[in-house]
Amino acid sequence: MEHVKRYHSLSLMVNNKELLVEGPITGSYLASLRFDEGLKAFRIPEQQHEALIEIADLPEGRIIIAREGDLVLGYVTFLHPDPLERWSQAQLPDLLELGAIEISHKVRAGGVGKKLLEVAFLDDAMEDYVIITTEYYWHWDLKGTGLDVWQYRKVMEKVMGSAGLSWMATDDPEICSHPANCLMAKIGKRVPPETVVAFDAMRFQNRFLY
């Protein structure tokens, strides 16, 4: 499968900061930018910056960023699921995972998350994929936002829903380990039926025969 990436961009004003939301971008372009110290939800900012550069250069990898000048203040990633996850078992070339979305505290509550997803889905090539996101409460910045797990879950559903992702049932043990965790997905208009069947088979693997 050829992974077509078409660049798009939109501007946004947040807290008197003029942001450019753009992507997909290349690894070399991302390497030329600075990474805000507030982007530390997954690992220290320097390490996360390096990880995103690697993702950007994967054939299927997509990085959309929000930046003020040369300072990255938010990002969203898309790539094939981790080989250790259930969602990689069928090895579907047309399944991408929205692996991370992170916004610096400096520009939170300004619609940056929705704008990142809007730019990501401006690329018509996204209609060739099943896009999934696995939401685990232990990845959420509950302390930084002051929200409880259910308030944060509602925010995530709203942000993901703005791009057409919706809740889907699954018996995946990690997702089922806490009621706030969830699987959300969007099936592109050109995704073939056999991919949908394979995706559904991965969603439910613990069916009992009576």
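This is a predicted model: local features need pLDDT of at least 70, side-chain atom pairs count only at pLDDT 80 or more; totals for chains, interfaces and linings use all residues.
Residues are numbered from 1 along each chain as its sequence is written, and side-chain values use heavy atoms, with hydrogens and water left out.

Let's start with strand E5 (71–79). The labels come from DSSP runs numbered from the N terminus: helices are H or I runs of at least four residues, and strands are E runs of at least two. Strand E5 is mostly covered, with 9 of its 9 residues buried; here buried means under 20% relative accessible area, exposed means over 50%, and partly exposed lies in between (1.4 Å probe, protein chains only).

Which strands pair with E5? Two strands count as paired if DSSP finds at least two bridges between them. Strand E3 (residues 34–35) runs parallel to E5 and is joined to it by 2 bridges, and Phe35 stands opposite Val72 in E5. Strand E4 (residues 62–68) pairs with E5 in the antiparallel sense over 7 bridges, with Glu68 facing its bridge partner Leu71 in E5. E4 and E5 form a hairpin with 2 residues between them, and Gly69 in the turn has a positive phi of about 60°. E5 also pairs with E6, again antiparallel, over 6 bridges; there, Phe78 has Leu98 in E6 as its bridge partner.

Now look inside. In soluble globular proteins, nonpolar side chains tend to be buried together. A nonpolar core is a set of buried Ala, Val, Leu, Ile, Met, Phe, Trp, Tyr and Cys residues joined through side-chain atoms within 4.5 Å. The largest one here has 35 residues, and those with the most contacts inside it are Phe78, Ile101, Val112, Leu116 and Leu117. Among the elements that each supply at least two residues of this core are E4, E5, E6 and H3. A second, separate core of 15 residues includes Ile25, Ile53, Ile63 and Ala100. Leaving aside neighbours within four places in sequence, Val112 is in contact (heavy atoms within 4.5 Å) with Leu12, Val14, Leu19, Ala66, Ile103 and Val107.

Next comes the largest pocket. On a 1 Å grid over the protein atoms alone, a pocket is an open set of points with protein on both sides within 12 Å along at least five of seven lines, and its lining residues have an atom within 4 Å of a point. The largest pocket is lined by 43 residues, of which Phe42, Ala100, Ile101, Glu102 and Met156 lie nearest its centre. E6 gives the most to this lining, with 7 residues.

Most residues other than glycine have a negative phi, and most peptide bonds are trans. The peptide bond from Gly23 to Pro24 is cis, with omega near -5°, and Pro24 is found in the loop between E2 and helix H1 (27–31). Gln91, in the loop between E5 and E6, has a positive phi near 50° and is exposed, with a relative accessible area of 70%. Ala109 is not a glycine either, yet has a positive phi of about 65°; this residue sits in the loop between E6 and H3 and is exposed, at 87% relative accessible area.

Terms used: On a 1 Å grid over the protein atoms alone, a cavity is a set of points where a 1.4 Å probe fits but cannot get out, and a pocket is an open set with protein on both sides within 12 Å along at least five of seven lines; lining residues have an atom within 4 Å of a point.
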